[in-house]
Amino acid sequence: MTHSYKVIGMTCNGCVAKVKSELLKMSNVLSVEVQLTSPQATIRMDKHIATAALQQAIGDKYTITDIAGEMPMQTVESAPEQNSYYPIFLIFGYITGTSLLVEYSKGSFTWMSGMSTFMAGFFLLFSFFKLLNLKAFAVGYSTYDIIAKRVHAYGFIYPFIELALGMAYLTGWHPLVTNLITIVVMGVSSIGVLQSLLRKTNFQCACLGTIIKLPLSKVTLFEDLLMVAMSVAALFIII
């Protein structure tokens, strides 16, 4: 079931991120979408949650009320949201297959070239999904990334960093610099994911933007650390 609520008291994107993160921590909440313009929250839940419980979750700074009056307004059920890691595995399969085909077309296989092609595909594809709804990604990313939490603009910049890295790997631009930047960017990103996992915080993964809903889990951490590991391996080959 999906319910819509009016939220009073939000003044910035930081408020949006705060309200969303607190609601996502509640049991029986499957997904949350919060918007600042015409402030409201749309909550998908597996069973009804009293408005008073929602109010307690977000605190006294904000006020949440049912849009339809006494009882929450239930919208028409849409198709179930994708909440598994099948899209991630499918994407990795496509990138891996494409990388192998590219190397095969060259007539020879080298680890350096293969990794560069794979990482180019990874960054280009993942940045694409984030840029489909840049604002929503920035809000979601700020709920767990250690930099985006403090500097909200970083959430808007991050997809372009991934895009630039993808282009760098694709064109072979200064491999040493490219891999060092990747280690720093993905290493920092993995810290926020690891902290959230250790706290058992219920956040949505923003790795594929907000188009595909994914829970934040060890798979998210694996993605970041895989890029770090491949960059380190590339540095050993270069040096």
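Modeller: Angles between axes under 35 degrees count as roughly parallel, over 145 as roughly antiparallel, 65 to 115 as roughly perpendicular and the rest as oblique. The axes are lines fitted to C-alpha atoms, for helices over the stretch in contact, and the angles run from 0 to 180 degrees between N-to-C directions. Helices (H or I, at least four residues) and strands (E, at least two) are DSSP runs, numbered from the N terminus.

This is a predicted model, in which local features need pLDDT of at least 70, side-chain atom pairs count only at pLDDT 80 or more, and totals for chains, interfaces and linings use all residues. Residues are numbered from 1 along each chain as its sequence is written, and side-chain values use heavy atoms, with hydrogens and water left out.

Start with H7 and H8. Two packed helices are described by the angle between their axes and the distance between the axes. For H7 and H8, the axes cross at roughly 155° and come within 8 Å. H7 and H8 are therefore roughly antiparallel to each other. Their crossing is left-handed, meaning that the near helix is turned anticlockwise from the far one by less than a right angle; clockwise would be right-handed. The contact of H7 with H8 holds 16 nonpolar, seven polar and two charged residues. Here Ala, Val, Leu, Ile, Met, Phe, Trp, Tyr, Cys and Pro count as nonpolar, Asp, Glu, Lys and Arg as charged, and the others, Gly among them, as polar.

Now look at one residue. Ser 190 lies in H7, which spans residues 175–198. Ser 190 has a relative accessible area of 7%, so it is buried. Buried means under 20% relative accessible area, exposed over 50%, and partly exposed in between (1.4 Å probe, protein chains only). Apart from neighbours within four places in sequence, Ser 190 is in contact with Leu 221, Asp 224 and Leu 225. Contact means heavy atoms within 4.5 Å.

Next, step back along the chain. His 174 sits in the loop between H6 (153–171) and H7. Its phi is near 35°, a positive value in a residue other than glycine. His 174 has 48% relative accessibility, so it counts as partly exposed.

H8 has another partner. H4 (residues 111–131) packs with H8 (residues 218–238) at an angle of about 145°, and their axes are 10 Å apart. The crossing of H4 and H8 is left-handed. From H4, the residues that meet H8 include Trp 111, Phe 118 and Phe 126. On the H8 side, they include Glu 223, Ser 231 and Ile 238. By class, the contact of H4 with H8 has 15 nonpolar, one polar and one charged residues.

The strands complete the picture. E2 (residues 29–35) and E3 (residues 40–45) run antiparallel, joined by six bridges. Two strands pair if DSSP finds at least two bridges between them. Val 34 stands opposite Ala 41 in E3, and Gln 35 has Gln 40 in E3 as its bridge partner. The hairpin of E2 and E3 has four residues between the strands, and Ser 38 there takes a positive phi near 50°. E1 (residues 2–8) also runs antiparallel to E3, with five bridges. His 3 stands opposite Ile 43 in E3.

Finally, the whole chain. The protein chain has eight helices and seven strands. Its C-alpha atoms fill a box of roughly 70 × 35 × 30 Å along the principal axes. Of its 239 residues, 45% count as buried.
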